[in-house]
Amino acid sequence: MNAVIVGFMAGISIYSTVKNGFGFFTCLPVVFIPFVINSKKVDWELQEELKSRDLK
């Protein structure tokens with residue numbers, strides 16, 4: 001799912017650059033890509049912690 005979001009944001013950035021030239025809306029999706037990538041790392045760490053606390 002994260003790959004789809006990152007690809008979508010990159011696509012918006014490229015489309016905006018081609019259609020309107022370089023500007024604010026070109027950079028906006030690119031700024032959010034690291035946040036999406038980092039959220040995957042946090043999600044993975046959370047899943048590992050939940051597995052370690054498995055109560056049987």
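This is a predicted model: local features need pLDDT of at least 70, side-chain atom pairs count only at pLDDT 80 or more; totals for chains, interfaces and linings use all residues.
Gly21 is in contact with Ser16 and Thr26, leaving aside its neighbours within four places in sequence, where contact means heavy atoms within 4.5 Å. This glycine lies in the loop between α1 and α2.

Residues are numbered from 1 along each chain as its sequence is written, and side-chain values use heavy atoms, with hydrogens and water left out.

**The chain as a whole**

The protein chain has two helices and zero strands; helices (H or I, at least four residues) and strands (E, at least two) are DSSP runs, numbered from the N terminus. Its C-alpha trace spans about 55 × 15 × 10 Å along the principal axes. The radius of gyration is 17 Å, whereas a compact globule of 56 residues would have one near 10 Å. That radius is taken over C-alpha atoms, and the globule rule is 2.2 Å times the number of residues to the power 0.38.

Buried residues make up 12% of the 56 residues. Here buried means under 20% relative accessible area, exposed over 50%, and partly exposed in between (1.4 Å probe, protein chains only). The accessible surface comes to about 4,900 Å², and 71% of that belongs to carbon and sulfur atoms; these areas come from the Shrake-Rupley method with a 1.4 Å probe, and for residues only the protein chains shown count as cover.

**Helix α2 and what covers it**

Helix α2 takes in residues 24–52, which is 29 residues. From its first C-alpha to its last it reaches 44 Å, close to the 42 Å expected at 1.5 Å a residue; the expected span is 1.5 Å times one less than the number of residues. The buried residues of α2 are Thr26, Pro29, Ile33 and Val36, and what covers them includes α1 (2–20).

Ser13, in helix α1, touches Thr26, Pro29 and Val30, not counting residues up to four places away in sequence. Ser16, also placed in α1, touches Gly21, Phe25 and Thr26 on the same terms. As a general point, an α-helix has 3.6 residues a turn, so residues three or four places apart point the same way.

Val18 is found in helix α1 too. The C-alpha atoms of Val18 and Asp43 are separated by 34 Å, and the two are 25 residues apart along the chain.

Here is the accessibility of these residues side by side:

| Residue | Relative accessibility | Class |
|---|---|---|
| Ser13 | 8% | buried |
| Ser16 | 10% | buried |
| Gly21 | 27% | partly exposed |
| Val18 | 69% | exposed |
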